[in-house]
Amino acid sequence: MSRGDTTDVGGIDAIVRGIDPLGGGLPETHGLERTLDEIGAAIVSDGAFGTRAAPRWRRWLAVPRRLAAVAAAVLAVGGVATAAVVFVNAHTGIYPTKPWEREAGGPGESLNLAGTNFRQVALTVASDIPFPPGYAAWRTWLITLAANSSSCPKGSPAGCKMLISTGALRGSFAQSAFCAWVYDWRQATQAGDAAAAQRAAQAIREAPLWKAVVTLDPHPHAAPPYTGRHGPMSDFGWLLPYRHAVLAHDVSAVDGMLAANYGLSGCASVRPPAASKSGTVVPSRSHGS
Amino acid sequence: MRAPPDGDRFEELYRTTRKDILAYLARRTGDREQAADLLSETYLIAWCRLPDVPIGHEGRLWLFGVARNLLLRHAGRQRSHDVLVQRLADELHHAVPTVALEHDRAQALSEGLASLPKREREILLLTAWEGFAPREIAAIIGSSPNIVRVRLARARSKLRARLDDASLTVEPPPQPVTAPADP
């Protein structure tokens with residue numbers, strides 16, 4: 001044997017191959033191939049796969065409203081079918097265990113969108129995110145939107161559950177609340193309600209420091225142009241141009257951004273539609289309210 | 001903002017590599033459930049980081065590198081309870097027979113392999129079981145081809161010596177399989 005040679009003169013490789021635990025490789029079986037196919041499809045699908053297969057939480061924030069109900073930042077997990085269950089807890093006790101899992105699905109516990117108590121839990125989770133007076137319907141509408149996403153996509157495994165992380169949920173509330181304050185500021189300004197405008201401006205000033213925002217985007221940034229959804233921006237970077245315009249009392253800039261639906265998904269995606277049961281898109285304002 | 005992952009590219013990558021990755025994981029873990037779980041995690045990472053995955057054959061090596069890193073970290077990790085993972089584990093149980101080896105030979109080989117330094121053993125197994133050339137192994141484990149060649153030679157030499165010391169006649173199969181040449 002030629003020691004140090006890079007060729008397998010002694011046939012050691014072949015000998016080692018003789019104790020291959022798979023006996024030479026994986027066989028071609030229909031069941032194996034089909035299951036592998038399903039796993040691949042599940043990874044690619046929006047419904048995602050397994051507890052570590054959440055689509056990026058940003059989808060929840062970034063999708064247009066018409067799609068949000070089916071493409072929220074949810075993940076499908078397999079489990080035992082729960083037919084005829086009286087109470088399903090929204091709390092699952094599932095948390096991301098690795099940084100990239102947190103990045104994929106958002107931080108915090110995964111909540112079951114089909115949970116009997118999902119609405120109450122969602123309200124509690126978002127209780128520290130301030131909406132302007134009169135905008136409670138926005139919060140309610142957002143919870144309804146999430147709850148309506150509780151059905152698993154076609155082809156999901158039996159017992160599938162649609163989950164959303166508390167971090168992603170709080171992020172969507174923060175997005176909605178910030179937009180609500182912008183609309184509130186705009187209305188107050190139009191109505192000449194200086195006190196309300198100042199209150200809204202203060203909320204907008206502090207928004208980048210909301211815990212829900214900092215958790216997901218501790219260093220927000222955005223680059224011009226501040227129109228549309230195509231300018232480079234971090235997850236909550238789009239708050240900054242609005243904030244800058246409001247603090248500069250630049251009404252036309254705010255109007256321009258609202259008209260262009262500027263932002264990761266734009267404010268239009270996080271407010272109730274005009275025809276919804278939640279009421280008007282933006283509450284009417286009386287002078288001096 | 002990043003463009004959405006390319007589903008077609010992922011599917012091609014997945015379709016052409018999944019069996020090899022699964023075999024690699026099954027061999028190393030000796031645990032079908034663990035292998036199925038790590039397979040899903042390997043490709044989930046690939047999906048999330050698809051823009052970072054090299055094109056062509058290098059992408060295959062990249063996947064093996066990811067799978068290897070997961071193997072190194074898998075001890076104590078929480079298992080997935082996904083139904084598809086469980087089903088894949090079941091399919092593996094049905095599809096892969098337990099390899100019956102002649103006792104003395106298997107024991108001598110196993111002990112010989114176990115006695116090798118970890119990195120040398122890994123290189124030898126990547127050569128013998130997965131059929132990788134030194135250059136490819138270097139890409140997977142993050143080393144240089146020359147170092148891999150040296151360690152491979154040492155591993156073979158040590159294992160041969162170990163078998164000789166055990167006075168065990170171990171003949172290679174009639175058609176010896178040699179290490180693939182570097183492309």
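Gly108(A) lies in the loop that runs between helix H5 (99–105) and strand S3 (110–112) of chain A. The model described here is predicted, and chain A within it comprises twelve helices and four strands. Of the 289 residues of chain A, 47% count as buried, and among its contacts with a separation of 6 or more, 68% are between residues 24 or more positions apart.

- Once its neighbours within four places in sequence are left aside, Gly108(A) is in contact with Ser165(A), Thr166(A) and Gly167(A).
- Ile94(A) stands 14 residues from Gly108(A) along the chain, and the C-alpha atoms of these two residues are separated by 8.4 Å.

**Helix H6 of chain A**

- In helix H6 of chain A, which covers residues 118–125, the buried residues are Phe118(A), Val121(A), Ala122(A) and Val125(A).
- In general, an α-helix has 3.6 residues a turn, so residues three or four places apart point the same way.
- Gln120(A) and Thr124(A) are exposed residues carried on the face of H6(A) that is turned away from its buried side.
- The packing partners of the buried residues of H6(A) are strand S2 (91–94), S3, H7 and helix H8 (166–191) of chain A.

**Helix H7 of chain A**

- Helix H7 of chain A (residues 136–147) has twelve residues, which at 1.5 Å a residue should span 16 Å, and this agrees with the 17 Å between its end C-alpha atoms.
- Buried residues in H7(A) include Trp138(A), Trp141(A), Leu142(A) and Ile143(A), and Arg139(A), Leu145(A) and Ala146(A) are buried in this helix as well.

**A helix pair in chain B**

- Helix H6 (residues 118–128) and helix H8 (residues 145–165) of chain B pack with their axes 8 Å apart and at an angle of about 90°, which makes H6(B) roughly perpendicular to H8(B).
- On the H6(B) side, the contact is made by Arg119(B), Glu120(B), Arg121(B), Ile123(B), Leu124(B) and Thr127(B), while H8(B) contributes Val148(B), Arg151(B), Leu152(B), Arg154(B), Ala155(B) and Arg156(B).
- Sorted by class, the residues in the contact of H6(B) with H8(B) are five nonpolar, one polar and six charged.

Key: Residues are numbered from 1 along each chain as its sequence is written. Chains are lettered from A and ligands numbered from 1 in the order in which they are written. This is a predicted model: local features need pLDDT of at least 70, side-chain atom pairs count only at pLDDT 80 or more; totals for chains, interfaces and linings use all residues. Axes are lines fitted to C-alpha atoms, for helices over the stretch in contact, and angles run from 0 to 180 degrees between N-to-C directions. Helices (H or I, at least four residues) and strands (E, at least two) are DSSP runs, numbered from the N terminus. Angles under 35 degrees count as roughly parallel, over 145 as roughly antiparallel, 65 to 115 as roughly perpendicular and the rest as oblique. Two residues are in contact if their C-beta atoms, placed from the backbone, lie within 7 Å. Ala, Val, Leu, Ile, Met, Phe, Trp, Tyr, Cys and Pro count as nonpolar, Asp, Glu, Lys and Arg as charged, and the others, Gly among them, as polar. A residue is buried if 20 or more other C-beta atoms lie within 10 Å of its own, exposed if 12 or fewer, and partly exposed in between; C-beta atoms are placed from the backbone. The expected span of a helix is 1.5 Å times one less than its number of residues.
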